[in-house]
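User: I would like to go through this structure by question and answer, with the criteria behind each value stated.

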2 protein chains.
Amino acid sequence: MPVFLSFDEADFEARFAQLLGMKREEAEDVDQAVAGIIADVRARGDDAVLELTARYDRLELTAAGMAFSAAEIAAEVARVSPEDRAALELAAERIRAYHAPQRPEDASWVDAAGASLGWRWTPVSAAGLYVPGGLASYPSSVLMNAIPAKVAGVGRLVVTCPTPDGVVNPLVLLAAQIAGVDEVYRIGGAQAIAALAYGTDTIAPVDKITGPGNAFVAAAKRRVFGRVGIDMIAGPSEILVIADAGNDPDWIALDLLSQAEHDQSAQAILITTDAALGKAVAAAVEVRLQTLERREIAGASWRDNGAVIVVRDLVQAAALANRIAPEHLEIMVEDCEALAAMIPHAGAIFLGPWTPEAIGDYVGGPNHVLPTARSARFSSGLNVLDFMKRTTMARMTPEALKAIGPAAERLAISESLEAHGLSVRARLDRLNG
Amino acid sequence: MPVFLSFDEADFEARFAQLLGMKREEAEDVDQAVAGIIADVRARGDDAVLELTARYDRLELTAAGMAFSAAEIAAEVARVSPEDRAALELAAERIRAYHAPQRPEDASWVDAAGASLGWRWTPVSAAGLYVPGGLASYPSSVLMNAIPAKVAGVGRLVVTCPTPDGVVNPLVLLAAQIAGVDEVYRIGGAQAIAALAYGTDTIAPVDKITGPGNAFVAAAKRRVFGRVGIDMIAGPSEILVIADAGNDPDWIALDLLSQAEHDQSAQAILITTDAALGKAVAAAVEVRLQTLERREIAGASWRDNGAVIVVRDLVQAAALANRIAPEHLEIMVEDCEALAAMIPHAGAIFLGPWTPEAIGDYVGGPNHVLPTARSARFSSGLNVLDFMKRTTMARMTPEALKAIGPAAERLAISESLEAHGLSVRARLDRLNG
């Protein structure tokens with residue numbers, strides 16, 4: 001049974017805190033194994049990647065066969081139905097349109113001291129996108145990772161996607177093609193992350209790695225962080241729905257289940273001001289669970305991690321939502337915007353009853369790679385800035401140096417950094433001399 | 001002796017690659033110790049922090065004495081000279097003025113399908129700034145970390161700064177006061193990072209941790225990443241100067257030494273089109289090293305990691321600079337802007353002979369917390385966005401859902417995520433029914 005909580009219970013705060021602190025995912029201790037895999041790929045390059053692919057994916061490749069050739073991609077994408085292709089193209093177009101205005105502006109100005117200041121944004125040269133294989137091989141994730149990179153202006157886009165037993169998802173290849181990916185390799189796991197970070201004879205290294213993956217991939221990303229940039233370490237998916245009376249319980253049930261069906265560790269929570277709606281949603285979930293294809297996964301997620309919380313009012317709802325800092329937040333109350341303004345800590349917000357979260361997974365436009373596990377308190381969903389970096393620029397004139405140089409010299413001396421001070425002093429002496 | 005390289009030598013590429021791959025810092029293997037410290041602080045809170053502070057900083061504190069009181073801060077900052085205070089205030093004012101325009105804009109629009117889309121930026125609620133103690137306790141770093149956080153709108157700003165043997169740097173406290181820091185704790189090391197990330201009875205947890213530190217601090221930041229946001233794992237400082245003929249060798253020597261004096265592992269490189277200038281700079285470095293206070297550190301850095309590289313032309317200079325991706329880049333050539341435009345991969349660029357890097361460390365305005373160890377390929381110096389996060393917003397109308405919902409449903413089905421599809425279908429059926 002999911003947790004049922006009501007604000008008028010004496011132990012409400014304690015039980016909510018317990019819900020918040022719940023450990024949904026046992027971190028598999030794969031770090032030592034991953035350290036070994038990374039060292040192996042660094043030492044032996046392609047050979048290590050090929051051996052590990054044979055071992056983990058039961059797939060014998062040659063170095064030349066690691067990448068999909070243009071002919072192989074063409075043959076695979078030809079199998080995609082026109083309807084699926086059209087849907088992917090609509091999604092790509094909308095994701096592109098949403099991300100395009102995220103391109104940041106350069107700046108430059110001259111200040112009162114005469115100093116020219118500013119900054120410049122530039123894309124990373126090469127990015128690697130990790131795409132999981134098997135059941136969780138989502139073409140939509142290819143679009144969500146690749147398109148912001150492309151909008152940023154990344155020059156070289158690489159996808160790694162394992163194909164266990166050689167099974168390929170043609171939609172993944174089509175999504176890569178639509179998004180303008182340059183290279184697709186049929187490798188996965190920590191070995192793919194190591195190859196992207198350090199390079200092999202076949203795979204040139206990249207500067208940034210994004211995309212979800214299993215425990216091995218997550219541990220490898222954490223280890224190569226610093227050598228390359230990474231996006232985030234993603235945890236299981238979550239949704240929080242805040243609804244008042246008058247909503248359709250079945251719609252809410254389906255929205256909750258659309259996260260619960262991802263993963264047994266996923267979490268779906270309803271906060272409502274209407275106890276009757278809470279009960280009706282819980283009942284509707286049970287009805288839907290009778291027929292849902294993924295009812296075992298979704299049912300386990302709902303039973304183990306789900307919750308229905310009845311609150312006094314929307315102020316309390318907002319306070320709890322900020323503590324949860326949900327990855328996905330659906331707001332279905334009379335004044336959605338007013339409530340949204342009270343909840344800074346959320347990855348993505350879906351407003352009103354006509355905006356099921358699933359729209360955001362595919363065709364809404366905003367990114368579906370979002371901060372999980374309360375990290376919306378400090379991080380953002382994947383966006384164009386993840387593939388760019390800012391260089392600061394400064395130019396002093398002799399007059400500007402005269403105006404602000406002495407303060408720099410003084411602070412350098414106070415920090416016992418003599419050469420810092422002298423580098424300013426030598427120039428000031430020339431001006432004064 | 002520093003490395004001397006010239007483009008006309010046969011083994012130039014091999015020797016440059018060797019310079020690039022040089023490992024300047026042996027990563028101390030402190031990870032297991034740090035894991036233990038973090039677990040201890042999580043389990044025992046204040047008690048653990050106090051014991052570790054007694055052990056590592058030789059300082060007996062009580063929980064109540066961990067924070068500097070207002071009276072203690074007032075007494076310490078009263079010791080600062082008016083000149084030092086004025087210099088810090090000028091620095092703070094200029095850093096604030098540079099960072100203020102980095103505040104990002106929210107966006108919202110309605111697209112052709114009738115969907116309302118946009119995003120919203122909000123600050124993290126609380127940030128912790130790690131300030132090293134002892135020799136590397138730099139008040140300028142307090143300003144560089146705290147001011148962007150304040151500009152972002154962070155509600156609660158916490159500084160931790162160890163005070164080994166109880167020795168306090170009054171300028172650090174003054175910088176914290178000027179920057180509007182709310183709490184200052186006299187603790188450091190991995191225990192401070194753990195306390196900031198997980199909280200204790202005395203120290204409420206924060207959402208984001210920034211600031212430099214030793215190997216223990218770096219390992220702790222890597223471990224708490226995900227629980228909180230972190231800025232980066234900083235390595236030893238670096239400078240690259242690109243200069244053509246006609247520059248003053250002594251100015252360049254001092255600029256190189258101003259990084260070399262930070263740390264024996266620091267790296268200072270000159271790239272020049274003029275072999276004679278290269279030799280003159282190397283000679284000037286030796287002269288300055290005879291009298292420099294920190295000559296042992298700076299001399300070791302220059303001998304072990306320094307380099308003078310003579311290039312054919314500025315195109316080659318730019319190509320090498322992009323491979324180095326320096327933290328600090330000084331450009332002293334005739335057309336500085338043109339060369340800067342050819343070098344996307346640098347943390348901060350200082351243009352022209354009147355802009356010594358030391359200006360940027362203190363009073364230029366741009367941040368001095370910058371990407372080291374070639375990470376300027378994919379990351380930026382500390383800035384206002386590091387203390388903010390973006391929430392995406394979407395609102396569909398019934399018409400918008402009719403227009404794009406079917407594509408979402410189709411993609412959901414192709415990914416075997418039935419509930420995703422049903423959550424859209426249930427709404428479409430209502431519209432059609």
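User: What volume does the second largest pocket have?

Analyst: This is a predicted model, in which local features need pLDDT of at least 70 and side-chain atom pairs count only at pLDDT 80 or more, while totals for chains, interfaces and linings use all residues. Residues are numbered from 1 along each chain as its sequence is written, chains are lettered from A in the order in which they are written, and side-chain values use heavy atoms, with hydrogens and water left out. On a 1 Å grid over the protein atoms alone, a pocket is an open set of points with protein on both sides within 12 Å along at least five of seven lines, whereas a cavity is a set where a 1.4 Å probe fits but cannot get out. Grid points are joined across faces, edges and corners, and the space filled by probe spheres set on them gives the second largest pocket a volume of about 470 Å³.

User: Which residues are the closest to the centre of the second largest pocket?

Analyst: Lining residues are those with an atom within 4 Å of a point. The lining has 13 nonpolar, two polar and eight charged residues, where Ala, Val, Leu, Ile, Met, Phe, Trp, Tyr, Cys and Pro count as nonpolar, Asp, Glu, Lys and Arg as charged, and the others, Gly among them, as polar. Of the 23 lining residues, the closest to the centre are A:Arg103, A:Pro104, A:Glu105, B:Pro104 and B:Glu105.

User: Which elements give two or more residues to the lining of the largest cavity?

Analyst: The structure holds four cavities of 30 Å³ or more, and the largest cavity has a volume of about 60 Å³. Its lining divides into eight nonpolar, four polar and no charged residues, including A:Phe350, A:Asn367 and B:Met393. With helices (H or I, at least four residues) and strands (E, at least two) taken as DSSP runs numbered from the N terminus, the elements are strand 13 (348-351) and helix 15 (357-362) of chain A together with strand 14 (388-395) of chain B.

User: Which residue of chain A has the C-alpha nearest the axis that relates the copies?

Analyst: Superposed by least squares on the C-alpha atoms of residues with pLDDT of at least 70 in both, chain A can be laid on chain B with an RMSD of 0.0 Å by a turn of 180° and a shift of 0.0 Å along the axis. The two copies are thus related as by a two-fold rotation axis. At 3.9 Å from that axis, the nearest C-alpha in chain A is that of A:Arg222.

User: How far apart are the closest N and O atoms of B:Asp248 and A:Arg430?

Analyst: A salt bridge is a side-chain nitrogen of Lys or Arg within 4 Å of a carboxyl oxygen of Asp or Glu. B:Asp248 lies in the loop between strand 9 (238-243) and helix 10 (249-260) of chain B and A:Arg430 in helix 17 of chain A, so the pair joins two chains. In this salt bridge the closest N and O atoms are 2.3 Å apart.
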